Amino acid sequence: MSISQSQLEEEFFWFHSHPELSFQEVETTKKLKELLEKEGIRVLDLPLKTGLVAVIEGGKPGKTIALRSDIDALPIVEATSLNYQSQNLGVMHACGHDFHLTSLYGAAIALHEIRKDIKGIVKLIFQPAEEIFSGATHILETGILEDVEEIYGIHCNPSFEVGTVAIGAGNVTAAVDRFRIQIKGSGTHAAHPDEGIDPIVATSQLISALQTIISRNINPFSTSLISVTHVEAGTTWNVIPEDAFIEGTVRTLDASDRAFIKKRIYEVSEYCGKAFNTTVEIDWIAGPPATNNDFELTNFAREIAEKNEFTVVSPLDNLGGEDFAFYQEKIKGVFVLIGTDNSHPLHHPQFKVNPKALLSTANLLKELAQSSLERLSERGS
């Protein structure tokens, strides 16, 4: 690769220090477009508010594959001591998307340099809004991926050292759903609870009851969870409020468990509400399904990583979510976890990646793309 580690680090530092929230990645998109077009890489004209798709057209006929990174940041105040920390107060690249997009940028340059030898087309997805699980669907809705045979994505992982990648078949991340539950009672003076309907008592019982869905309805060997993460009720010490509110998340790996847990949350909430004479309203926000790495492509990706001198390990169990799964519903793909050295966990204000992983990751993406097209060409499918 003609691009150097120091050049990639320079761009990475800029992206890290200029984070933008989901669907607000205006300057990030502008910077990416400038960098790619400066190298002669064509950026496609698509109806996207933010984010972009670029294309490398090989000099030889063949199929089309895609490489994907995400570009958005999180509403977190950065607490690292990095000399390139966020300049946008309250916004931080605490999930490594700056690392992902810089690595893909490096791969784009490498692929462009060898385009005459490439057998087919590589589409480069710089996706917005992964953190709110919306960006992938926006890319898919453009129709630009309809001819794509295979797709590869990456995510940094602070559990592994630089030079290690985790690649495994099947689920690497979980399906993610969000629920919001409003419990409506009748307010009254705290000294006269009999004159009202206390939504707080009903809510406390509902929170406990929801946990029994996992402990008593789901196979103990299955991997699922329900977490209530937000509870709100009342405004002062001597008033029973009119209503209460809770919200939380469901994480599952199995599609049947996902459907069953949703059904049970509705049932438990309804009957718990009735038991305490309250009414319950549920707002269900479905997120991405579980990622599902194709078995054949997983073996292929492991081989390519090993050829590029990575230590390949199996992924750790993870109930985090990733909207790369939306691509995998339509396209065979693999989601690869890249070791970026031990750090605070993802979404932590002191999270950081080791930029030394940039060049090797860019090269891995380049090799995955080129070798994938070679493989598809040889197969003739």
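How many residue pairs are in polar contact between domain 1 and domain 2? The count is one residue pair, both at pLDDT 80 or more; a polar contact is a pair of N or O atoms within 3.5 Å, where within protein one must be able to donate a hydrogen and the other to accept it, and residues adjacent in sequence count only if both atoms are side-chain atoms.

This is a predicted model, in which local features need pLDDT of at least 70 and side-chain atom pairs count only at pLDDT 80 or more, while totals for chains, interfaces and linings use all residues. Residues are numbered from 1 along each chain as its sequence is written, and side-chain values use heavy atoms, with hydrogens and water left out.

Select 5–172 + 290–380 for domain 1, then 175–287 for domain 2; the bounds come from an automatic or database domain assignment. Their centres, taken over C-alpha atoms, are 37 Å apart.

Next, go to the interface. Eight residues of domain 1 are in contact with eight of domain 2, contact meaning heavy atoms within 4.5 Å. Across this interface the rule finds zero salt bridges (a side-chain nitrogen of Lys or Arg within 4 Å of a carboxyl oxygen of Asp or Glu).

Finally, select Val122. Not counting residues up to four places away in sequence, Val122 touches Ala54, Val55, Ile56, Ile65, Leu67, Leu111, Ala369 and Leu373.
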